[in-house]
Amino acid sequence: MRSDGIFIAVAVDDEAAADPAIAARLTEACPVDIFAQHEKGALELVESNLDECVLCRLCLDAAPGAVEVIKLYAAGALLV
């Protein structure tokens, strides 16, 4: 799953996005509510909040290897 804002894009591995435990960790970790959890437990990306990302890396720490934050303003560089 991937959603693009103006400045960043967020990509989450489909298997991880379907895992309610990972969805809950991401939803809890993000200070600007980019992630939400569907009523059935799956992850949703809140597109209207994508460009609020402060590049804090909390999502990368909450789900190592499952999330990519892509800097669209920097030719697609990944947040590492």
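Reply: Start with a pair of side chains. In this predicted model, aspartate 4 forms a salt bridge with arginine 2. Their closest N and O atoms are 2.6 Å apart.

Me: What makes aspartate 4 and arginine 2 a salt bridge?

Reply: The cut-off is a nitrogen within 4 Å of a carboxyl oxygen. The closest N and O atoms of this pair are 2.6 Å apart, so the pair counts.

Me: Why can such side chains pair at all?

Reply: Side chains of opposite charge can pair when their charged atoms come close.

Me: How do you know that aspartate 61 and arginine 57 form a salt bridge?

Reply: Apply the 4 Å limit again. Here the closest N and O atoms are 3.4 Å apart, so aspartate 61 and arginine 57 qualify. By this rule the count comes to 2 salt bridges.

Me: Why is aspartate 61 called partly exposed?

Reply: Buried means under 20% and exposed means over 50%. Aspartate 61 has a relative accessible area of 49%, so it falls in between. Arginine 57, at 30%, is partly exposed by that rule.

Me: And what makes aspartate 4 and arginine 2 partly exposed?

Reply: Aspartate 4 has 45% relative accessibility. Arginine 2 has 47%. Both values lie between 20% and 50%, so both residues count as partly exposed.

Me: What makes the protein chain as compact as a globular protein of its length?

Reply: The chain has 3 helices and 6 strands. Its radius of gyration is 11 Å. The globule rule gives 12 Å for 80 residues. The two values are close, so the chain is as compact as a globular protein of that length.

Notes
Residues are numbered from 1 along each chain as its sequence is written. This is a predicted model: local features need pLDDT of at least 70, side-chain atom pairs count only at pLDDT 80 or more; totals for chains, interfaces and linings use all residues. Side-chain values use heavy atoms; hydrogens and water are left out. A salt bridge is a side-chain nitrogen of Lys or Arg within 4 Å of a carboxyl oxygen of Asp or Glu. Buried means under 20% relative accessible area, exposed over 50%, partly exposed in between (1.4 Å probe, protein chains only). Helices (H or I, at least four residues) and strands (E, at least two) are DSSP runs, numbered from the N terminus. The radius of gyration is taken over C-alpha atoms; the globule rule is 2.2 Å times the number of residues to the power 0.38.
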